[in-house]
Amino acid sequence: MTVVVDRQVKDPCAWLSAVSHELAVAPPADTRAVLLTVWDGLAAARLAGLHAAAASPRWRARQRHAESVEFDLALQLARDCTIATGLAIPARLPRAAVAWPEERADAAVAAIVSFCGTAEAVLRQAGALTPVWEDSLLGPVALTSWLADCWTGRHAGGAALHLPVPPPPWWR
């Protein structure tokens, strides 16, 4: 069963902070647990980013760049067994979403960038503990770094996201 998180999460920033903390203390030798936690963090980051984008033109522009990276990271994680969490990555905000003040949007972006830094570090540690670096770790390491760059404005290029039809069941 796939759960659409945007209808159930009241505070995506608090959820993202909790997932970041969980990831920071996760044992890097448990690669599957690390990847599952990164999936949860990506879902939270995506939701927080959508709220931020709705609150400010500056974040809206950066979210458009981040969206393709988020999808690529989700695709990579889904390929590497993480889809088992049952959480869908939110494709858009629900219609009833309440507009955030710009300060909250800024805090959301800071939480996303922080999560990306934690995810990149833990994924690197997990990779160092595996006998051979695999795509299951190398891709997410690069994509979490790139996602942070999108939100900080260091990466402003990239193509707009063109979803496959129908979209994957984990992108709702």
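Visitor: Which residues does T118 touch, not counting residues up to four places away in sequence?

Guide: This is a predicted model. In it, T118 touches S20, L23 and A24. T118 itself is found in helix α4, residues 102–128.

Visitor: What makes T118 count as buried?

Guide: Its relative accessibility is 19%. Buried means under 20%, so T118 counts as buried.

Visitor: Why is α1 called roughly parallel to α4?

Guide: The two helices pack at an angle of about 20 degrees, with their axes 9 Å apart. Angles under 35 degrees count as roughly parallel, and therefore α1 is roughly parallel to α4. The crossing of α1 past α4 is left-handed.

Visitor: Which residues make the contact of α1 with α4?

Guide: From α1 they are P12, C13, L16, V19, S20, L23 and A24. From α4 they are R104, A108, A111, I112, F115, T118, A119 and V122. By class, this contact has 12 nonpolar, two polar and one charged residues.

Visitor: Why is α1 called roughly antiparallel to α2?

Guide: Helix α1 (residues 12–24) and helix α2 (residues 31–55) pack at an angle of about 155 degrees, with their axes 9 Å apart. Angles over 145 degrees count as roughly antiparallel, so α1 is roughly antiparallel to α2. Here α1 passes α2 in a left-handed crossing. Among the contact residues are W15, L16 and E22 of α1 and D40, G41 and H51 of α2.

Visitor: How many nonpolar, polar and charged residues does the contact of α1 with α2 have?

Guide: That contact has 12 nonpolar, three polar and two charged residues.

Definitions and conventions: Residues numbered from 1 in each chain as written. Predicted model: local features only at pLDDT ≥ 70, side-chain atom pairs only at ≥ 80, totals over all residues. Heavy atoms only, no water. Axes fitted to C-alpha atoms, helices over the stretch in contact; angles between N-to-C directions. Helix = DSSP H or I, 4+ residues; strand = E, 2+ residues; numbered from the N terminus. Parallel < 35°, antiparallel > 145°, perpendicular 65-115°, else oblique. Left-handed = near helix turned anticlockwise from the far one by under 90°. Contact = heavy atoms within 4.5 Å. Nonpolar A, V, L, I, M, F, W, Y, C, P; charged D, E, K, R; others polar. Buried < 20%, exposed > 50% of the residue type's maximum accessible area, 1.4 Å probe, protein only.
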